[in-house]
Amino acid sequence: MPIVLEKASYTYAPGTPYEAAALCDIDLQIADGEFIGIMGHTGSGKSTLLQLIAGLITPSRGKVMIDGCDINARNYNRDVLRKKLSMIFQYPEYQLFETTVEKELAFSLKHSGLPGKEVKERVRRALEAVGFSYTRVRSLSPLGLSGGEKRKVAIACALVTEPKILLLDEPVAGLDPRGRKEFLEIITRRNKAGTTIIMVSHDADVLGNYAQRILVLNQGKLLLDGPAKRVFTDIEKLEALKLGVCRPRKLARRLKECGIPFPQDIAGYDEFIAAVVEVSKKGGMSHEPDTGRHVYSR
Amino acid sequence: MTIVKRSMITAVCVALTVVLPMAFHAVPNAGSVILPMHIPVLLCGLICGWPFGLACGLIGPLLSNLFTGMPPMAALPAMLVELAVYGLMAGLLMSCVRTRKVYADLYFSLLVAMLAGRIVAGMARALIFAAGSYSMAAWTTSYFVTSLPGIAIQIVLLPSIVFALERARLIPARYPKEIVLDGSPGLDSSE
Amino acid sequence: MSRIPAGMYIPGKSFLHRLDPLAKLIGLIILLAAVIAASSPGGYLLLILFIGVLLALSGLPFKLAIAPLRRTYLFFAVIFLMNALFFADVDPLWTWWIFSLSRTGLIQGANVVLRLAIIIVAGHILISTTSPMEITAAFRRLLKPLQYINIPVDIVALIVSVAIHFIPVLAEEVEMIRKAQTVRGARFDSTRLRDRAASLLPLVIPVFVNAFKRADELALAMEARGYRGEGRRVSGPEIAFQARDFGAVLIMAAICAVQILVL
């Protein structure tokens, strides 16, 4: 298994009066090419989990293994991890510092040992992946760009190492709907090309529509773990925890409440539409039309 | 820049004199080598002018002592003098020295400010804070030899920060490019 | 605007709200002295009780009043650990590499954290019950004598209050940027001097750019509300010290005296 957490725990400020368990005995296995969404409240340990996998913090107990190696072992070469794994933080544009966009991206490849030609080629590919023309932006100053463009350059910085694993911490925060859609399309494309995606978000709609597997964290514990459809099936539990539920799943419940035999294992809009087609073929949608209208008026 | 903007920049620089030493604490010997507390003070002087640089040099170490206990009370008075002179001199020199080359202005102002701060702080120590027990050798060692790498690092860091801020359009350019209407090179674009 | 940090004025009509801002400010300064003088558990207890009384008088919800502590517990943890682990003591309990845990260090750490927490909550109560304009006006009245030697006291007061506000925010941001650059392969611990300055750029430049951006946003917001930073600003009717203001200052002074003389 490429990413394995064995009873990983993390405690903030251990041995002090401010000790606080951020993560408790997390057992987790993630295969290559998965698209994982992590949901939970602020302080549930979502970001801590990402930082553990990224090797930014060391677990107070337990192990984090990537491709069979304990990344916190003393003889583990961190450069290997940096080549394999990228992370996009909330407001990634805050990290820009170079004089030109090209140098900014090349910084991430500084210790890769790649020849200059290959570096240039990768920079070009990464910039094109986020929708830039290499020749147009390469010599611009990243600090002088507009907010949306800065965000794209920062994303390109994470893509330029062509990582096997991409961690995203609330990546769509502060983006307008169009920017959000563009970003998620870039990420989906990466995922289709084989990159493992682990995305933390408080937006259940985004997770329901894009992630295949969802982890729900609550107070540092892994509460639910399964395919998006199954996790959202348990809608009452999610609502009891005051966690968001994706809209298609809510609609499916409304339809059921109205007496329509509608499947409840729905996470994304595509699944919802497919189910609507399915149900209406069986003639399920046509009965009790008044109740159906009632759904939309709510 | 307006007074309000200068004041706010000074405020964040003061906050950074508290925060940066904490950030560098993880790196061994960073405090005495990188001198993180000097960076915001010098920068504030360079950008906002001498009154603000002076204020930053006085308020910064005081707040830092209050919040983190660094610098310790014993070292605080000399530190206050040193940083106040940095902020003051950096601002004064930037307003006096105008070579029409930003780099030259920055390097010159920085070097002289850093020198002045060390001399004044050394004198203050010798005459007031530790009268009698302070020798020329101790002064040279503590202000120049151990902090020489720090001086070198600041000479690289500070102009880079100034240029980054200019590029991000957060501070006005020192020598704005002249808008040329008739297509021929303007008087000032000969460099 | 959503990122402008908390610690804002909450309008109200409580006893603390109605107290003369200058009385509150002098009270806070006396409280600072009392906090610095505190050294025994009894002394801290007295201060914490007193803060509790202030809280009750302010009419602020408890959760809101301790909000700055909850947001910054990491900051406290760092301060505590730095004091506990780096305090050079003759008789350490435990040493490893550059760390040495000592009794004196632990006590020192607890002292610093407690003091800081009390100061932060007290400062927060002041900021929550007094509008920024009132605070600057109070500072100006307090430091009025300095104006005779041409020092713009209100600007200095503004700088200090905004700076204190920004400390925890920027501390968190520096940590975030450090982590982001580490993932990108930055190495801040380069031993060669020549590389060292260059290795600091990825950390220092974003920190300053973001800090200046916050300064810019705040300055724009203030100017939009008509603040010009001139000394002749209209600051509302000057309130004269009343009996309750003198009373408040006297109570503070008494507590400070007890702290210094008894505990």
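**Entry 1: A:Ser108**

I started with A:Ser108, which sits in the loop between helix H3 (101–107) and helix H4 (116–129) of chain A. Helices here are DSSP runs of H or I with at least four residues, strands are runs of E with at least two, and both are numbered from the N terminus. A note to myself on the ground rules: this is a predicted model, where local features need pLDDT of at least 70, side-chain atom pairs count only at pLDDT 80 or more, and totals for chains, interfaces and linings use all residues. Residues are numbered from 1 along each chain as its sequence is written, chains are lettered from A and ligands numbered from 1 in the order in which they are written, and side-chain values use heavy atoms, with hydrogens and water left out.

Is A:Ser108 buried or exposed? I found it buried, at a relative accessible area of 10%; buried means under 20%, exposed over 50% and partly exposed in between, with a 1.4 Å probe and protein chains only. Leaving out residues up to four places away in sequence, A:Ser108 touches A:Cys157, A:Val160, A:Thr161 and C:Arg184, where contact means heavy atoms within 4.5 Å. With C:Arg184 there is also a side-chain polar contact of 3.2 Å. A polar contact is a pair of N or O atoms within 3.5 Å; within protein, one must be able to donate a hydrogen and the other to accept it, and residues adjacent in sequence count only if both atoms are side-chain atoms.

**Entry 2: chain C against chain A**

I noted 26 residues of chain C in contact with 27 residues of chain A. The two chains bury about 2,500 Å² between them, with 66% of it on carbon and sulfur atoms; buried area is the accessible area (1.4 Å probe) that two parts lose on being put together, summed over both. C:Arg184 turns up again here: together with C:Lys179 and C:Val183 it supplies 30% of the area that chain C buries against chain A, more than any other three residues.

The count between these chains is one salt bridge, meaning a side-chain nitrogen of Lys or Arg within 4 Å of a carboxyl oxygen of Asp or Glu. C:Arg184 makes it with A:Glu104, the closest N and O atoms being 3.0 Å apart. On the chain C side, helix H6 (73–86), helix H10 (153–183) and helix H11 (193–224) each supply at least two residues. H10(C) gives the most, with eight residues. By class, I have 16 nonpolar, four polar and six charged residues on that side. Ala, Val, Leu, Ile, Met, Phe, Trp, Tyr, Cys and Pro count as nonpolar, Asp, Glu, Lys and Arg as charged, and the others, Gly among them, as polar.

**Entry 3: chain B against chain C**

Next I looked at chain B, where 46 residues are in contact with 44 residues of chain C. About 4,200 Å² is buried between them, and carbon and sulfur atoms give 90% of that. One salt bridge is counted here: B:Lys5 with C:Asp216, at 3.1 Å between the closest N and O atoms. I found two residue pairs in polar contact across this interface. On the chain B side, the elements giving two or more residues are helix H1 (3–23), helix H2 (30–34), helix H3 (38–48), helix H4 (50–68) and helix H8 (148–167). H1(B) has the largest share, 18 residues. That side divides into 40 nonpolar, five polar and one charged.

**Entry 4**

What is the strand order of the open sheet in chain A? I read four strands, E2-E1-E4-E5, with antiparallel pairing; two strands pair if DSSP finds at least two bridges between them. Strand E2 (20–30) and strand E5 (69–70) are the edges, each pairing on one side only. Two bridges join strand E4 (residues 61–66) to E5(A), and A:Met65 stands opposite A:Asp70 in E5(A).

I then checked A:Asp67, whose side chain meets that of A:Lys164 in a salt bridge (2.8 Å, N to O). A:Lys164 lies in the loop between helix H6 (147–159) and strand E7 (165–169), and A:Asp67 in the loop between E4 and E5, so the pair ties together parts that are 97 residues apart in sequence. A:Lys164 is partly exposed at 30%, and A:Asp67 is partly exposed at 30% relative accessibility.
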